[in-house]
Amino acid sequence: MFPYTALAHPNIAFVKYWGNRDNGLRLPANGSISMNLEGLVTRTTVRFDASLPAERVNINGKIAGNAAHQRVVSLVDEVRLMARINHFAWVESENNFPSGAGIASSAAAFAALALAAAKAARLDLDEAALSRLARHGSGSACRSIPGGFVEWAAGTGDTDSYAVSIASPEYWNLVDCIVVISTDPKPTGSSEGHALAGTSPLQSARVDDAPRRLDICRNAILNRDFAAFAEIVEEDSSLMHAVMMTSHPPLYYWQPATLAVMQAVRAARAKGMPVCYTIDAGSNVHAICTGASVGETAKLLGSITGVREVRLSNVGGPARLVENPTTNPYEI
Ligand code: PMV
């Protein structure tokens with residue numbers, strides 16, 4: 001069968017997903033809002049091949065380790081079941097950003113895999129179905145299927161828990177300044193972290209209040225209201241980290257430089273700079289600023305002790321097929 005190649009961007013959440021109602025189906029405890037990160041790309045090629053003696057999964061030029069292999073195969077199995085085919089798959093995936101650079105890669109990886117695998121199996125899935133499929137690989141991957149600013153509704157079950165675009169990439173010129181503090185692998189991965197969320201007495205308060213934060217964040221984006229956006233994004237990030245720090249066992253992702261960046265960002269905003277922060281399950285900080293202030297913001301962030309690198313990303317588009325794959329689709 002013909003190979004297909006897809007591209008997808010990672011995303012950064014402004015209202016975070018943390019904790020599942022159903023860990024297997026990755027049904028989130030609450031809805032979330034994010035933006036895709038342009039310039040950071042995962043490119044994945046999938047071919048179902050009757051002559052293959054076994055599944056073949058390569059990530060960044062190397063044979064995938066056991067855990068990654070299994071996660072890829074689970075998603076490919078789902079596609080095979082839907083398409084009623086039983087050939088093994090050849091999967092080649094490559095990121096244009098170094099792994100360990102503090103940028104979560106699973107969202108882009110599973111979004112690109114869902115699209116490439118569905119096409120390679122000749123399935124005709126719409127955006128919602130692709131978003132649901134990507135969600136089964138990694139929750140946040142469902143938000144990397146649509147473009148621009150994206151909202152993932154918690155939904156009532158598997159069929160209505162998917163992401164939609166709420167504004168195009170051009171709608172608001174925001175930039176994510178990714179402040180790299182550590183490139184070490186995170187101590188606890190997000191799948192394990194989601195499973196611990198319910199052990200924090202703060203999780204139910206965080207989840208119950210999520211509709212309010214989603215409304216404020218969505219309206220702030222639609223009104224391009226940076227002041228309202230900044231307040232809710234920082235509040236949401238702190239709520240998630242409060243849950244992490246009070247779960248059993250507790251998860252502490254911050255390093256001293258993480259807090260130094262948070263304080264510098266708040267001090268800059270108090271002086272009128274349009275910048276705010278959000279932090280995922282790691283020590284690196286995503287400082288979100290407007291396009292007009294990116295030079296000044298990057299300079300400030302780069303001067304903070306403990307900051308190794310600042311990477312800039314504009315708002316990215318949707319997951320998409322590569323129109324003109326190279327003659328050898330496995331040469332990525
Ligand atoms: O999709 P996962 O399982 O990698 O979870 C993502 C969790 C956070 O990045 C911390 C929050 C989010 O909404 O992206």
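An oxygen atom of the ligand sits 2.6 Å from an N or O atom in the side chain of Ser 140, a polar contact in the sense of a pair of N or O atoms within 3.5 Å; within protein, one of them must be able to donate a hydrogen and the other to accept it, and residues adjacent in sequence count only if both atoms are side-chain atoms. The model is predicted, so local features are given only at pLDDT of at least 70 and side-chain atom pairs only at pLDDT 80 or more, while totals for chains, interfaces and linings use all residues. Residues are numbered from 1 along each chain as its sequence is written, and side-chain values use heavy atoms, with hydrogens and water left out.

A backbone N or O atom of Tyr 17 is 2.9 Å from a ligand oxygen atom, and a polar backbone atom of Gly 139 is 3.4 Å from an oxygen atom of the ligand. On its own the ligand has 390 Å² of accessible area, of which the protein covers 94%; such areas come from the Shrake-Rupley method with a 1.4 Å probe, and for residues only the protein chains shown count as cover. There are 14 residues around the ligand, and Tyr 17, Ser 140, Arg 143, Ser 190 and His 194 come nearest; a residue is near a molecule or strand if one of its heavy atoms lies within 4 Å of it. Sorted by class, this shell has five nonpolar, six polar and three charged residues. Here Ala, Val, Leu, Ile, Met, Phe, Trp, Tyr, Cys and Pro count as nonpolar, Asp, Glu, Lys and Arg as charged, and the others, Gly among them, as polar.

Tyr 17 leads on to Met 240, with which it is in contact. Contact means heavy atoms within 4.5 Å. Leaving aside neighbours within four places in sequence, Met 240 also meets Lys 16, Trp 18, Arg 206, Ile 279 and Asp 280. Met 240 is in helix 7 (residues 226-245); helices (H or I, at least four residues) and strands (E, at least two) are DSSP runs, numbered from the N terminus. Met 240 counts as buried because its relative accessibility is 2%. Buried means under 20% relative accessible area, exposed over 50%, and partly exposed in between (1.4 Å probe, protein chains only). Between the C-alpha atoms of Met 240 and Ala 54 there are 41 Å, with 186 residues separating the two in sequence. In the loop between helix 7 and helix 8 (256-270) lies Pro 249, and the peptide bond from His 248 to Pro 249 is cis, with omega near 0°.

The next topic is the packing of nonpolar side chains. In soluble globular proteins, nonpolar side chains tend to be buried together. A nonpolar core is a set of buried Ala, Val, Leu, Ile, Met, Phe, Trp, Tyr and Cys residues joined through side-chain atoms within 4.5 Å. In this model the largest nonpolar core has 32 residues, and Val 46, Phe 48, Val 76, Val 79, Val 91, Leu 113 and Ala 121 touch the most other members. At least two residues of this core come from each of strand 1 (4-8), strand 6 (42-49), helix 1 (66-83), strand 9 (88-95), helix 2 (106-120) and helix 3 (127-137). Helix 2 contributes the most, with ten residues. Another core, of 27 residues, lies apart from it and includes Phe 149, Leu 174, Ala 220 and Val 315.

Helix 3 also holds His 136, which is buried because its relative accessibility is 17%. The side chain of His 136 makes a polar contact of 2.7 Å with that of Glu 78. Residues that His 136 touches, not counting those up to four places away in sequence, include Leu 25, Arg 26 and Asp 158. Arg 26 is in the loop between strand 3 (20-22) and strand 4 (27-28), and its phi is near 50°, a positive value in a residue other than glycine. Arg 26 is buried because its relative accessible area is 13%, whereas Arg 122 is exposed because its value is 65%.
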